[in-house]
Amino acid sequence: MSGLLVNVPVDARLTWRYESESQAIHSLYERAKQAQWNATTDVDWSIEVPFGAPLPDDSSFAMASFAASPLAPAGRQMWDVFRWELQTWMVSQFLHGEQGAMVVAARLVEVVPDLDSKYYAASQAADEARHVEVFSRYLREKVPHFYPITAPLKELLEDLLSDTRWDITALGMQIVVEALAMAAFRLANSTFHDDLICDITRLVARDEARHVTFGILSLSGIYSEMSSAELSDREDMVLTSASLMRRRFLLEDVWERLDVDRAEGMEFAARDELMIKYRQAIFSKVISSLANIGLLTPRVRDGLEKLELLGFADRSIRPGYRRGPRG
């Protein structure tokens with residue numbers, strides 16, 4: 001599988017101010033140091049993964065979704081095949097996304113201006129390396145195959161790593177990609193089918209919660225100081241990222257693996273109520289994070305509504321408005 005090469009010049013910033021400038025980020029860094037875990041010794045790799053084994057019936061809502069799907073003509077056993085394939089696909093995309101997050105965290109060490117943020121970004125890079133290690137080992141040792149990176153995720157990573165503006169890179173990774181991953185990890189106990197991956201995602205979710213918090217702390221307040229043109233660029237990035245991530249969850253690769261017509265499968269995923277609700281559930285953390293940093297503007301909110309991603313968002317969240325706009 002070929003890799004991704006992104007050649008972009010960025011400014012590396014060093015600071016000679018060694019006293020703490022942000023108590024909140026410094027506290028987050030202290031928590032990160034205390035919460036380290038070892039992917040080799042803190043995960044019970046002896047747990048067997050019964051890949052492909054029959055699974056219990058889902059909820060009546062899920063079974064109705066299956067009955068309306070292109071999988072139904074193949075019989076009830078195809079629902080189990082699909083669920084195992086979906087789990088493998090999701091863990092594969094976690095792996096690819098975590099490698100992207102590792103590279104972004106390393107980039108942030110270079111470009112963020114203050115030492116507390118450099119400390120934390122460095123600790124996040126170590127977290128992401130551990131996540132790549134643990135998901136890679138799971139896929140190599142416990143399931144028969146894994147999936148390549150999806151085209152939408154690859155496009156998003158290329159966009160984020162190509163941008164020289166550190167806040168846009170942080171916005172896309174810390175607020176969109178990491179928040180999506182955290183929500184998916186927290187849903188793992190109800191969506192995944194073996195104890196090992198549930199244990200792994202529980203450990204990883206603890207790290208991701210800190211990463212999203214770092215994004216919120218780093219980006220809070222900066223949008224109120226931006227011009228209309230600068231703000232529009234950030235809104236564009238959020239909406240482009242959301243569109244790409246929604247497209248990723250139309251499961252093109254899974255349908256192809258199961259010999260389902262790609263267009264038919266993607267159309268089903270786009271309109272099926274269960275899949276819409278799942279996308280809304282995992283986007284809820286993205287939406288609350290955007291509100292926390294003041295970027296859930298009317299334009300962003302309208303765009304997310306058109307993508308059918310707002311269903312689980314708290315409707316009482318007040319959109320983020322700029323103060324004191326400049327030309």
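**Ground rules.** I am working with a predicted model, where local features need pLDDT of at least 70, side-chain atom pairs count only at pLDDT 80 or more, and totals for chains, interfaces and linings use all residues. Residues are numbered from 1 along each chain as its sequence is written, and side-chain values use heavy atoms, with hydrogens and water left out.

**Entry 1, salt bridges.** I searched the whole structure and got 23 salt bridges (a side-chain nitrogen of Lys or Arg within 4 Å of a carboxyl oxygen of Asp or Glu). I looked at Arg 210 and Asp 127, whose closest N and O atoms are 3.0 Å apart. Arg 210 sits in helix α8 (residues 195–219) and Asp 127 in helix α4 (residues 115–142), so this pair ties together parts 83 residues apart in sequence. Helices here are DSSP runs of H or I, at least four residues, numbered from the N terminus. Arg 210 and Asp 127 are both buried (under 20% relative accessible area; exposed is over 50%, partly exposed in between, with a 1.4 Å probe and protein chains only).

Next I checked Arg 234 and Asp 167, which form a salt bridge at 2.8 Å, N to O. Arg 234 belongs to helix α9 (residues 228–248) and Asp 167 to helix α6 (residues 166–186), 67 residues apart. Both Arg 234 and Asp 167 are buried.

Then I turned to helix α13 (residues 298–306), where Lys 306 and Asp 302 lie four residues apart, about one turn of the helix. Their salt bridge is 3.2 Å, N to O. Lys 306 counts as exposed because its relative accessibility is 65%, while Asp 302 is partly exposed at 39%.

I found Leu 14, Trp 16 and Tyr 18 making a nonpolar surface patch of about 460 Å². I located Trp 16 in the segment before α1 (23–34), and with 66% relative accessibility it counts as exposed.

I noted about 610 Å³ of space in the largest pocket. Its lining has 25 residues, with Leu 86, Ser 190, Thr 191, Leu 274 and Tyr 278 nearest the centre. The elements giving two or more residues to that lining are α2 (60–67), α3 (77–111), α7 (188–191) and α12 (273–292).

Patch residues have over 30% relative accessible area and no salt bridge, with like charges joined within 9 Å and nonpolar side chains (Val, Leu, Ile, Met, Phe, Trp, Tyr) within 5 Å. Accessible areas come from the Shrake-Rupley method with a 1.4 Å probe. A pocket, on a 1 Å grid over the protein atoms alone, is an open set of points where a 1.4 Å probe fits, with protein on both sides within 12 Å along at least five of seven lines; lining residues have an atom within 4 Å of a point. Its volume is the space filled by probe spheres set on the points, which are joined across faces, edges and corners.
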